[in-house]
Amino acid sequence: MNAIEIKGLNKRYPGFWLEDIDLTLPQGSIMGLVGENGAGKSTLIKLIMDAIPRDSGTVSVLGVDNQSARFTAVKEDIGIVLDEAYFPEALTAKRLGRVMSYTYRHWDQARYEGYLQSLSLPAGKEFKDFSRGMKMKLAIAVALSHAPRLLLLDEATSGLDPMVRDEILDIFNDFTRDDTHSILLSSHIVSDLEKICDYIAFIHHGKLYFCDEKDRLIEEYALVKLSPQDFEALPAAAVKGVKKGGYGVEALVHKPQVNAAFATEHTTLEDIILFMARGDRE
């Protein structure tokens with residue numbers, strides 16, 4: 001079973017269109033969702049949860065159509081962390097745990113208290129006095145403490161320092177050691193995605209440019225640095241993005257379409273995304 005299956009998904013707003021999205025997250029995997037601000041990442045996550053109506057297409061989550069009556073029960077199996085944490089300001093982390101125990105059928109108080117300790121969150125401090133990083137860590141602790149099978153994380157590591165981000169990424173990796181667990185992780189921090197994700201989906205201006213295995217992307221794409229004359233000899237279909245300067249041309253190419261005579265350089269996930277977003281702009 002796939003954790004998420006999206007086919008032909010469309011959502012139109014004035015001045016913006018999330019267009020013909022096809023995306024599959026295999027069960028037991030971590031998928032990174034990347035794109036610039038306004039690309040449609042948060043809109044996609046809202047559509048997955050049926051928080052906003054879609055114009056067309058289908059969305060299946062944990063094997064259930066998200067517009068069916070059965071989806072209400074499935075929501076119990078989904079942990080969500082948005083780009084802001086929304087808890088009552090007067091609640092302490094300890095009291096929040098009690099509230100959540102009445103909210104979720106499978107709430108695990110011992111696990112929650114373990115996350116509070118491991119993430120260095122003060123149990124007696126009110127939420128309004130938490131820093132942004134502490135608020136995000138608390139939201140992650142809540143999301144992981146009601147036995148979810150799927151995590152939807154929208155900029156969940158935003159505002160966290162590198163050491164804490166590494167700790168959180170380790171927790172996410174541990175979560176998916178159970179092959180019934182899956183994660184969709186939206187982030188601007190491409191290095192985090194490259195570190196832990198099995199799949200990468202890149203959304204740009206409302207369109208899905210690719211959704212593929214991370215290792216395959218890094219293997220199949222490369223950089224070339226050429227003179228303007230040599231660049232003209234490259235097959236146009238192989239060129240996925242170009243940066244031109246006073247000393248020549250740097251381009252992202254699809255290696256299977258490039259003659260072995262061209263010297264290619266290893267690329268990173270960040271290079272792939274930046275060059276594809278740039279396209280053929282100089």
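A: Helices (H or I, at least four residues) and strands (E, at least two) are taken here as DSSP runs, numbered from the N terminus. The model is a predicted one, in which local features need pLDDT of at least 70 and side-chain atom pairs count only at pLDDT 80 or more, while totals for chains, interfaces and linings use all residues. Residues are numbered from 1 along each chain as its sequence is written, and side-chain values use heavy atoms, with hydrogens and water left out.

Lys-243 lies in strand β12, which covers residues 239–245. Because its relative accessibility is 35%, Lys-243 counts as partly exposed, a class lying between buried (under 20% relative accessible area) and exposed (over 50%), computed with a 1.4 Å probe on protein chains only. Leaving aside neighbours within four places in sequence, Lys-243 is in contact with Gly-248, Val-249, Glu-250, Phe-275 and Arg-278, contact meaning heavy atoms within 4.5 Å.

Elsewhere, the largest nonpolar core holds 54 residues, of which Tyr-112, Leu-138 and Phe-172 touch the most other members; such a core is a set of buried Ala, Val, Leu, Ile, Met, Phe, Trp, Tyr and Cys residues joined through side-chain atoms within 4.5 Å. Helix α5 (residues 132–144) gives the most to this core, with nine residues. When residues up to four places away in sequence are not counted, Leu-138 touches Phe-87, Ala-93, Leu-96, Tyr-112, Leu-116, Leu-121, Phe-127 and Phe-130.

Tyr-112 and Leu-116 also take part where α4 meets α5: together with Arg-111 and Tyr-115 in α4, they meet Leu-138, Ala-141, Val-142 and Leu-144 in α5. The residues of this contact divide into seven nonpolar, no polar and one charged, where Ala, Val, Leu, Ile, Met, Phe, Trp, Tyr, Cys and Pro count as nonpolar, Asp, Glu, Lys and Arg as charged, and the others, Gly among them, as polar. The axes of α4 (residues 109–118) and α5 come within 9 Å and cross at roughly 155°, the axes being lines fitted to C-alpha atoms, for helices over the stretch in contact, with angles running from 0 to 180 degrees between N-to-C directions. The two helices, α4 and α5, are therefore roughly antiparallel to each other, since angles over 145 degrees count as roughly antiparallel, those under 35 as roughly parallel, 65 to 115 as roughly perpendicular and the rest as oblique.
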